[in-house]
Amino acid sequence: MYDVRLWLSKRGRLKFVSHLDMFRMMQRAVRRAEIPLWYTEGFNPHPYISFLLALSLGVEGEKEPVDLRIVGEMTPEEIKERLNAVFPEGLRAEAVTLPEHKPAEIAFADYFAVLEKSEITAQELRGALESGALETEKSGKSGGRKVVKTVNVSEHIKAFEITEDDTHIYLNVTLPAGSTFNLNPLQLLDAVSRYLGRPVSAESAVRKRLLRADLSEFR
Amino acid sequence: MDKKLEKLLPLVQKPARYIGGELNSVVKDKNAVDVRYAFCFPDSYEIGMSHLGMKILYAVANAREDTWCERVFAPWPDMEDVMRQNGIPLYALESGDPIKDFDILGFTLQYELCFTNVLNMLDLAGLPLRAADRKGLSPIVMGGGPCVCNAEPIAPFFDLFSIGEGEELNSEIIDLYKKHKALGSDKETFLREAAQIPGVYVPSLYDISYNGDGTVAAITPKDGAPATVTKRIVKDLDAVPYPDTFVVPFIDVVHDRVTHEIFRGCIRGCRFCQACFLNRPIREKKPETINEQCKTLCKNTGYDEISLCSLSSSDYTRIEDLLSLLLDWTPEQKINVALPSLRVDNFSEALLNKLKSVRRSGLTFAPEAGTQRMRDVINKNVTEEEMIETANIAFAGGYSAVKLYFMLGLPTETDEDVEGIGLLAKKVVDAYYTNPDKPKGRGVTVSVSCASFVPKPFTPFQWEPQATAEALGHKQQYLKEHLPSKKISVSFHDIKVSALEAVFARGDRRLADVLELAWKRGCKFDGWGEFFKYDVWMECFDEIGLSPAFYANRARSYDEILPWDHLNYGIPKSYLIKESEKARRAETTQNCREKCAGCGANRLLGGKCDV
């Protein structure tokens with residue numbers, strides 16, 4: 001029995017498939033691929049599959065980690081090939097490795113978003129990101145009740161970089177990720193929309209990789 | 001994926017309903033096929049993707065090299081708003097192409113309350129609603145499924161209906177269409193020839209005239225259309241193609257598992273049950289065929305559950321053989337086998353033990369009526385003793401929750417029959433507490449669910465009036481007031497929904513105007529409580545000048561011409577009259593295996609039934 005870490009890319013239309021649905025899809029994929037997974041021993045046994053960090057609906061992923069517990073001898077390379085043979089289009093196992101870091105070490109994520117110049121200029125975006133006054137609303141739970149909290153976004157932007165061409169603006173941004181606090185680029189753009197007083201949306205947004213607290217790559 | 005759509009999908013709930021690209025969905029080169037076929041399910045993605053018939057016909061059509069069959073569902077109202085605001089026409093999931101440009105649109109009509117959704121989908125596609133207003137050969141709009149046994153209320157919107165089972169018939173229709181497309185024929189020429197295919201009903205080739213009292217005076221075929229259209233059946237279920245793979249949805253749908261049909265038809269002959277009379281004669285599939293096909297399906301989908309489906313699973317003659325074959329390999333692969341639609345009178349301990357080795361869920365039985373007299377009237381041949389005996393087997397086997405299904409408003413029903421529902425449920429409660437082998441430390445819950453009886457075409461009750469809303473309201477109240485135990489919970493179907501269902505089930509072609517007006521006034525998803533607009537419907541009946549009570553609550557005489565009399569589902573009217581008379585005398589009819597009652601369906605097989 002050993003654990004492997006699968007690095008998934010989730011592209012195109014699959015960005016509209018939710019975290020919960022991804023889990024079910026993965027359960028079926030490992031069955032089709034006939035990967036010998038370890039099953040939990042409870043009343044209702046299920047295979048051990050763990051998505052380390054949820055990816056928001058609408059955001060694509062390039063290297064999303066999923067842990068699988070394997071019984072038997074199958075090698076990481078074979079697991080990768082078998083999964084890629086049965087995945088739907090848009091989902092790919094980019095690599096299968098042995099886990100190096102603990103899931104709790106995930107602290108940040110690098111995102112890349114494409115914006116249309118018809119909606120916002122590079123100066124406006126830079127001004128907003130440097131304003132210190134970005135806010136968005138997040139729904140959460142407090143004492144079992146649903147509450148909507150206003151969150152200051154500016155203090156959470158770890159780093160960003162803006163480039164542009166004739167039609168588009170390209171934003172690379174590092175935002176907090178992990179089990180305690182998450183901010184995704186769609187929420188960031190929501191905060192920018194509130195700041196500017198008009199809607200700004202992303203043509204596409206992708207999570208490039210996960211980082212540890214010291215900004216080294218999570219592996 | 002379309003850029004415009006990609007930008008809009010974040011605005012709607014469950015966007016994965018609208019993206020296509022699911023595992024095993026079929027993508028072909030559109031330039032390499034002759035016929036583009038849209039299989040349209042007029043309800044939500046989650047309902048439509050649960051439907052076995054669609055999976056079968058999708059596989060059959062896509063097995064043809066010359067045809068590309070795609071799926072289309074009714075967009076949820078939030079998505080419909082987004083589509084209309086942004087000028088996105090209804091598209092097929094596989095290609096994303098507008099279905100307006102397809103060759104054939106095939107709607108499956110599973111329940112009457114989806115009719116407004118059909119109209120809405122045609123409109124969203126950008127097509128005129130009425131067949132007469134759609135000039136040109138394509139798209140041909142066709143319908144199938146149980147509701148086409150009386151498709152009259154929706155007939156003016158369709159070019160043709162396929163009556164009975166579609167595995168072979170659909171291909172014959174596609175062949176003929178392909179020929180006429182190559183010839184450049186007009187729609188009328190195609191339809192006149194299509195009407196000659198056994199099982200094809202072309203409504204525009206039948207003139208309907210009415211008497212002064214609103215009943216049908218005559219149904220007159222023209223242009224060589226047959227006087228009677230007889231339904232098609234597949235003779236050998238082992239030989240007919242069954243899909244070796246299912247499209248596996250991204251999102252959770254209602255039935256998200258391998259479903260396998262073990263037989264068609266039913267030996268029972270319950271007099272209220274349209275499914276029984278529409279699907280005779282009985283034809284079984286071999287356990288070996290089913291087992292192999294289940295293996296393949298599990299392998300190709302990754303599902304971990306198999307559901308064996310039919311109208312009455314325990315009537316499958318080789319059920320124990322089949323379970324043995326399946327249980328040979330499924331536990332090792334951690335696959336569950338579920339067996340819905342069991343009857344109370346032949347649910348054996350051996351069967352229960354086999355089922356116990358797979359995951360246990362609740363137990364559901366359908367006594368349908370509370371007293372023996374009432375059950376005799378409807379020919380539901382189960383006795384109270386059998387029920388209690390079965391409940392005891394189940395309780396000893398560890399079950400402590402039982403669901404019981406009943407109907408209210410059955411012909412000849414009295415308050416005593418209604419009270420009998422509560423009394424029967426109480427006996428199940430008592431059986432639990434007196435059972436020495438019941439699960440330790442748990443109480444029993446008996447949930448009673450009551451539907452309102454809706455008389456349906458091609459059943460012995462097709463002449464019966466539906467109980468009025470007032471009468472049904474009284475019955476529900478009476479039952480609630482006469483529940484003998486707190487362990488029994490009771491729930492009811494919405495009376496107004498059943499009333500509308502009754503109107504359309506036995507309606508005639510004039511109702512098309514009501515349907516169209518109700519759609520214009522915003523009626524859609526009528527089967528969904530949150531969208532059902534009863535008052536709007538009543539306004540529409542009023543404005544068109546038709547009475548819902550005429551269709552729902554009127555007793556017909558045996559010699560009245562019924563709107564569906566030109567269709568033949570294999571069982572002659574004379575047999576239905578005989579059964580109707582027996583019901584009035586509370587006489588039962590034995591099931592097909594005990595004694596052939598001579599329903600006539602065997603003629604469809606050319607002689608002998610497969611009992």
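In this predicted model, helix H9 (residues 287-301) of chain B packs against helix H10 (residues 319-327) of chain B at an angle of about 30 degrees, the axes being 9 Å apart. The crossing in which H9(B) passes H10(B) is right-handed. From H9(B), Pro287(B), Glu288(B), Ile290(B), Asn291(B) and Cys294(B) meet Asp321(B), Leu322(B), Leu325(B) and Leu326(B) of H10(B). Six nonpolar, one polar and two charged residues make up the contact of H9(B) with H10(B).

Helices (H or I, at least four residues) and strands (E, at least two) are DSSP runs numbered from the N terminus. Axes are lines fitted to C-alpha atoms, for helices over the stretch in contact, and angles between N-to-C directions run from 0 to 180 degrees. Angles under 35 degrees count as roughly parallel, over 145 as roughly antiparallel, 65 to 115 as roughly perpendicular and the rest as oblique. A crossing is right-handed if the near helix is turned clockwise from the far one by less than a right angle, and left-handed if anticlockwise. Contact means heavy atoms within 4.5 Å. Ala, Val, Leu, Ile, Met, Phe, Trp, Tyr, Cys and Pro count as nonpolar, Asp, Glu, Lys and Arg as charged, and the others, Gly among them, as polar.

In chain A, helix H3 (residues 122-130) and helix H4 (residues 185-196) pack at about 100 degrees, with axes 10 Å apart. H3(A) and H4(A) are therefore roughly perpendicular to each other. Leu125(A), Gly127(A), Ala128(A) and Leu129(A) of H3(A) make this contact with Leu188(A), Val192(A) and Tyr195(A) of H4(A).

Between the chains, 21 residues of chain A are in contact with 27 residues of chain B. About 2100 Å² is buried there (accessible area, 1.4 Å probe, lost on putting the two parts together and summed over both). Carbon and sulfur atoms give 55% of that area.

Six salt bridges (a side-chain nitrogen of Lys or Arg within 4 Å of a carboxyl oxygen of Asp or Glu) are counted between chain A and chain B. Over all chains, the structure holds 72. Two examples follow.

| Salt bridge | N to O distance |
|---|---|
| Lys15(A) and Glu6(B) | 2.7 Å |
| Lys117(A) and Glu164(A) | 2.7 Å |

Lys117(A) lies in the loop between strand S5 (108-116) and H3 of chain A, and Glu164(A) in strand S8 (residues 159-164) of chain A, so the pair ties together parts 47 residues apart in sequence.

Residues are numbered from 1 along each chain as its sequence is written, and chains are lettered from A and ligands numbered from 1 in the order in which they are written. Local features need pLDDT of at least 70 and side-chain atom pairs count only at pLDDT 80 or more, whereas totals for chains, interfaces and linings use all residues; side-chain values use heavy atoms, with hydrogens and water left out.
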